[in-house]
Amino acid sequence: MVKKALFAFLTFCLLLPAIALADTLTLESPQLTQGERMADAQVFSGFGCTGANISPKLIWKNAPAGTKSFAVTVYDPDAPTGSGWWHWVIFNIPAGTSELNENTGNPSLGLAPQGAVQSRTDFGKPGYGGACPPAGDKPHRYIFTLFTLDTPKLELGTDTPAAMVGFYLNRHTIAKTSITVLYDR
């Protein structure tokens, strides 16, 4: 009896990490690989950079219970500004959503989910602005973060600065996950 109980307990302990990981929030992209170089399609077009400025497709799974909306940010903590650089902020993504299509970050195309808001980045306007670090600088990190939120809507608009959105995201976050890619020129 003791051997059976010990065997059952050890089996449970071995399976517990796999069970826990099965419900972990994940973020994936066919265009982004964790720790690898960002593709030219996601690089900014301007300031001396010659990318296509296309936001990547993002796919997520296993949102935790209580998720009422999502948000995505792209942030470069290595920008030589003293405060980093916000490349994309989109929030009020409905809870039933599980992906953003490629080029959703171009507001003029209308690809964002109904009700989603893209607010002002450090480029001075809403929408995705790709990587464009100073020439000769070390590789910068571009952190694509998915937030699951406990509220269906942040009462913020397209002209809200990214730092203000970040404040509200952090107040309402249930869980978050990120993909970090690199870029230098």
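Does Arg141 count as buried, partly exposed or exposed, and at what relative accessibility? In this predicted model, Arg141 has a relative accessibility of 38% and therefore counts as partly exposed.

The protein contains ten strands and two helices. Along the sequence these elements follow the pattern α-β-β-β-β-β-β-β-β-β-α-β. Of the 185 residues in the protein, 38% are buried. The accessible surface amounts to about 9,800 Å², and carbon and sulfur atoms account for 59% of that surface. Among contacts between residues at least 6 apart in sequence, 74% join residues at least 24 apart.

An open sheet is formed by five strands in the order E8-E6-E5-E9-E10, with antiparallel pairing. Strand E8 (117-118) and E10 are the edge strands, each pairing on one side only. Within the sheet, E5 and E6 run antiparallel and are joined by seven bridges. Asp76 has Trp85, in E6, as its bridge partner. Helix H2 (residues 162-172) lies across E5, E6, E9 and E10, and its direction makes an angle of about 135 degrees with E10.

The largest nonpolar core comprises 25 residues. Met38, Leu58, Trp60, Val72, Trp88 and Phe144 have the most contacts inside this core. At least two core residues come from each of strand E4 (58-61), strand E5 (69-76), strand E6 (85-94), strand E9 (140-149) and strand E10 (173-183). For Leu58, with neighbours within four places in sequence left aside, the contacts include Val72, Trp88 and Phe144. Leu27, Glu28, Ser29 and Leu32 are also among the residues in contact with Leu58, as are Ser98, Glu99 and Leu100.

Side chains of opposite charge can pair when their charged atoms come close. The count of salt bridges in the model is five. One of the pairs is Asp78 and Arg141, whose closest N and O atoms are 2.7 Å apart. Asp78 lies in the loop between E5 and E6, whereas Arg141 lies in strand E9, 63 residues away in the chain. The relative accessibility of Asp78 is 13%, so this residue counts as buried, the cut-off being under 20%. Arg141, at 38%, counts as partly exposed. Salt bridges with shared partners join Asp78, Lys138 and Arg141 into one network.

A further salt bridge is formed between Asp184 and Arg37, with the closest N and O atoms 2.7 Å apart. This pair also links distant parts of the chain: Asp184 is in the segment after E10, and Arg37 is in the loop between strand E1 (26-28) and strand E2 (45-46), 147 residues apart. Asp184 counts as partly exposed at 26% relative accessibility, and Arg37 counts as partly exposed at 47%.

Glu99, named above among the contacts of Leu58, forms a salt bridge with Lys57, the closest N and O atoms being 3.1 Å apart. Glu99 belongs to strand E7 (residues 99-100), while Lys57 sits in the loop between strand E3 (49-50) and E4, with 42 residues separating the pair. The relative accessibility is 32% for Glu99, which counts as partly exposed. Lys57, at 21%, likewise counts as partly exposed.

How values were computed: Residues are numbered from 1 along each chain as its sequence is written. This is a predicted model: local features need pLDDT of at least 70, side-chain atom pairs count only at pLDDT 80 or more; totals for chains, interfaces and linings use all residues. Side-chain values use heavy atoms; hydrogens and water are left out. A nonpolar core is a set of buried Ala, Val, Leu, Ile, Met, Phe, Trp, Tyr and Cys residues joined through side-chain atoms within 4.5 Å. Buried means under 20% relative accessible area, exposed over 50%, partly exposed in between (1.4 Å probe, protein chains only). Helices (H or I, at least four residues) and strands (E, at least two) are DSSP runs, numbered from the N terminus. Contact means heavy atoms within 4.5 Å. Accessible areas come from the Shrake-Rupley method with a 1.4 Å probe; for residues, only the protein chains shown count as cover. A salt bridge is a side-chain nitrogen of Lys or Arg within 4 Å of a carboxyl oxygen of Asp or Glu. Two strands pair if DSSP finds at least two bridges between them. Axes are lines fitted to C-alpha atoms, for helices over the stretch in contact, and angles run from 0 to 180 degrees between N-to-C directions.
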